[in-house]
Amino acid sequence: MRGGPAVVLVEPQLGENIGTAARAMLNFGLTDLRLVGPRDGWPNAKAVSAAAGATDVLDGIQIFDTTAAAIADLHHVFATTARQRCMLKQTTTPRQAATEMLNHFAKRERSGVLFGRERTGLNNDDVTYADKILMIPINPAYGSLNLAQAVAIISYEWFQASTNSCTSPVPEAVTAPATQAELENFFRHLLAELDGCGFLYPAEKRPAMTRNIRNIFQRAGLYQHEVQTLHGIVSELSKPRKTTRNGPPAPQS
């Protein structure tokens, strides 16, 4: 099944790894490959050689400067990691994630999977953009997967889920889940007001505080109309307080 999840490689270091990841994707029917700040730039001759003819993927590669930009059009994001993070996010497996992404696809909702740097993986700021953490079950005595292997496992599980499924598209709902771009726009609005009122203080604690706040809203699975409501709430709270308000009298005790 074409039109599956996007594969997002965050700051990949070697062209060969990009090429072999593309090859793994096409083996299992995925074609949407996105690169965030590839170290050696793009295009990359070593990637083309390693892709072994996976031109359907290479020709459609999109390059982004930031993770936020790469996932802006997605409704659901999974972050691959080999270690537990100090974040309250649900953890899932490739097989479970594939089933979820297939269900999203049936509702015309776009999903994507984040893969980190070869040496260090995703940083915590990258992970905050994800709705769920995706961990590949592996031998605890030797947990060394290279980038293309990880991409191949996720792609394989998608292929298995999609070819064995009888799922068909469902009618579009009145409102759709918020895209990452819509969430990011709200988050910037909220942070601007929190900075303005002095909530994000002291400065050295601001990065951790903003990650925690982002995780709260990322975990909520917000819909577009809910994000619009939150914008309105933040806007109203940022206005000067009125001394009196018209409305029904307060209940008497």
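These notebook entries record what I looked up in the predicted model.

**Ground rules**

I worked from a predicted model, in which local features need pLDDT of at least 70 and side-chain atom pairs count only at pLDDT 80 or more, while totals for chains, interfaces and linings use all residues. Residues are numbered from 1 along each chain as its sequence is written, and side-chain values use heavy atoms, with hydrogens and water left out.

**Entry 1: the sheet**

I began with the strand order. Seven strands form an open sheet in the order E3-E2-E1-E6-E4-E7-E5, with parallel pairing. Strands (E, at least two residues) and helices (H or I, at least four) are DSSP runs, numbered from the N terminus. Two strands count as paired if DSSP finds at least two bridges between them. Strand E3 (62-64) and strand E5 (90-92) are the edge strands, each pairing on one side only. Neighbouring strands of this sheet are turned by 30 degrees against each other on average, direction ignored. For such angles, axes are lines fitted to C-alpha atoms, for helices over the stretch in contact, and angles run from 0 to 180 degrees between N-to-C directions.

I then went through the pairs.
- E2 and E3 run parallel and are joined by three bridges; Leu 35 stands opposite Ile 63 in E3.
- E1 and E2 run parallel and are joined by four bridges; Val 8 has Arg 34 in E2 as its bridge partner.
- E1 and E6 pair in the parallel sense over four bridges; Leu 9 stands opposite Phe 115 in E6.
- E4 and E6 also pair in the parallel sense over four bridges; Ala 79 stands opposite Leu 114 in E6.
- Strand E4 (residues 76-80) and strand E7 (residues 132-134) pair in the parallel sense over three bridges; Thr 80 stands opposite Leu 134 in E7.

Two helices were checked against the sheet. H1 packs on the sheet, touching E1 and E2, and its direction makes about 155 degrees with that of E2. H7 packs on the sheet as well, touching E1, E6 and E7, and its direction makes about 155 degrees with that of E6. Contact here means heavy atoms within 4.5 Å. I also noted that E1, H1 and E2 make a right-handed β-α-β unit: with the strands pointing away from the viewer, the path from the first strand over the helix to the second runs clockwise.

**Entry 2: the cores**

The largest nonpolar core has 30 residues, and those with the most contacts inside it are Val 7, Leu 9, Leu 33, Phe 115 and Val 151. A nonpolar core is a set of buried Ala, Val, Leu, Ile, Met, Phe, Trp, Tyr and Cys residues joined through side-chain atoms within 4.5 Å. Buried means under 20% relative accessible area, exposed over 50%, and partly exposed in between (1.4 Å probe, protein chains only). Among the elements that each supply at least two residues of this core are strand E1 (6-10), helix H1 (15-27), strand E2 (33-36) and helix H7 (147-163). The largest share, six residues, comes from H7. Apart from this core lies another, of 18 residues, among them Ile 71, Val 77, Met 87 and Ala 130.

Leaving aside neighbours within four places in sequence, the contacts of Leu 9 include Ile 18, Leu 33, Phe 115 and Val 151.

In E6, five of its five residues are buried. Ser 111, Val 113 and Phe 115 point one way from E6, and Gly 112 and Leu 114 the other way.

I looked up Ser 111 on its own. Ser 111 has a relative accessible area of 6% and is therefore buried. Not counting residues up to four places away in sequence, Ser 111 touches Pro 5, Ala 6, Leu 74, His 76, Met 101 and His 104.

Helix H8 (residues 180-196) has 17 residues. Its buried residues include Leu 183, Phe 186, Phe 187 and Leu 190. What covers the buried residues of H8 includes E4, helix H9 (206-219) and helix H10 (224-237). H8 is followed by Gly 198, whose phi is positive, near 85 degrees.

Thr 175 is in the loop between H7 and H8. Thr 175 is buried, with a relative accessible area of 18%. Thr 175 touches Tyr 223, Gln 224 and His 225, not counting residues up to four places away in sequence. The C-alpha atoms of Thr 175 and Glu 226 are separated by 9.4 Å, and the two residues are 51 apart along the chain.

Note on methods:
The expected span of a helix is 1.5 Å times one less than its number of residues.
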